[in-house]
Amino acid sequence: MADNAATAFADYLAQAGAVAAAEVQKLRHDPTELLTRAIQPAIWLVLFGEVMARVRGLSVGNTRYLDFLAPGILAQSVLFAAIFYGIAAIWERDLGVLHRYMVSPAPRSALVLGKAVSSAVRGLSQAAVVYMLAVALGIALDFGPLHLLAAALIIALGSGLFSTFSLIIACIVRTRERFMGIGQVLTMPIFFASNAIYPISIMPPWVRAVSLVNPLTYQVDALRALSLPVAPAVLAWALIH
């Protein structure tokens, strides 16, 4: 009985892995996607970060604003890449690719898990781009192996969860145009009602309440705690004030 369960579980993982491998192949065949995805975080760090660092009323404790901002932009870039992952599923359905998946013996949950894993790989590649940008801008980062590994796990988990949420939306709306509109409506509040670009302390009370139930806020907190050498003090300061 135990052997049968172990075999079934191994088959399930193999099926999910096959779906993930097929999705990752798309990234290998179009590496320019990584370059285009690097533009947005570069704009946020170079333009927004440099300008907002000069705002007198924006205090983040004893930390430079760019250091404070980098983990938030990392989480944001992963969010934006993952939340629009569902549009690829709509595209595959229109082309008939998704139907081939559906008639295979693999359970549907293996399909979702495989796509979540592939989204996690994309999120990690996006994180590598943001880390390189941060180093180029002289942002203080913690490159300790354990901290990098933990940050990678947080990024992979967040990307997988947001992409799964995106797939759920894609199953409901069914058209690319409607999905793009809903995606924009969702990403902006999630991003701006978090502590990605400013501390919770400067938010109005109602926005602060939304931020405290926003999953992106906790992903940013975790990344700050793992990415910045002084992050524990920054994290405590941001939560208390």
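Contact, in what follows, means heavy atoms within 4.5 Å. By that criterion, and not counting residues up to four places away in sequence, Ser211 touches Ala193, Ser194, Asn195, Ile200, Met203 and Thr217. Ser211 is found in helix 9, where helices (H or I, at least four residues) and strands (E, at least two) are DSSP runs numbered from the N terminus. Ser211 counts as buried, because its relative accessibility is 0%; the classes are buried for under 20% relative accessible area, exposed for over 50%, and partly exposed in between, with a 1.4 Å probe and protein chains only.

Let me state the basis of the values. This is a predicted model, in which local features need pLDDT of at least 70 and side-chain atom pairs count only at pLDDT 80 or more, whereas totals for chains, interfaces and linings use all residues. Residues are numbered from 1 along each chain as its sequence is written, and side-chain values use heavy atoms, with hydrogens and water left out.

I turn to the overall architecture. The protein has 11 helices and 0 strands. Of its 241 residues, 42% count as buried. Among contacts between residues at least 6 apart in sequence, 76% join residues at least 24 apart. The protein exposes about 12,400 Å², of which carbon and sulfur atoms supply 72%; accessible areas come from the Shrake-Rupley method with a 1.4 Å probe, and for residues only the protein chains shown count as cover.

Helix 9 covers residues 205-212 and also holds Val207. Val207 is buried, since its relative accessible area is 14%. Between Val207 and Phe192 there are 15 residues in sequence and 9.3 Å in space, C-alpha to C-alpha.

The structure holds 6 aromatic pairs. Rings of Phe, Tyr and Trp (its six-membered ring) pair if their centres lie within 6.5 Å; planes under 30 degrees apart are stacked, over 60 edge-to-face, and the rest tilted. Phe191 and Phe192 form a tilted pair, at 4.9 Å centre to centre with 55 degrees between the planes. Phe191 is buried at 0% relative accessibility, whereas Phe192 is partly exposed at 33%.

What sits over the ring of Phe68? The charged end of Arg224 does, 3.6 Å from the ring centre. The criterion here is NZ of Lys or CZ of Arg within 6 Å of the ring centre and within 35 degrees of the ring normal.

As for salt bridges (a side-chain nitrogen of Lys or Arg within 4 Å of a carboxyl oxygen of Asp or Glu), the structure holds 1. Arg64 and Asp67 form it through their side chains, with an N to O distance of 3.0 Å. Arg64 is partly exposed, with a relative accessible area of 42%, while Asp67 counts as buried at 10%.

Finally, the surface. Phe9, Leu13, Leu113, Val117 and Val121 make a nonpolar patch of about 400 Å². Helix 1 (2-29) and helix 6 (108-136) are the elements that give two or more residues to this patch, and helix 6 supplies the largest share, 3 residues. Patches are made of residues with over 30% relative accessible area and no salt bridge, joining like charges within 9 Å and nonpolar side chains (Val, Leu, Ile, Met, Phe, Trp, Tyr) within 5 Å. Val121, in helix 6, is partly exposed, with a relative accessible area of 34%.
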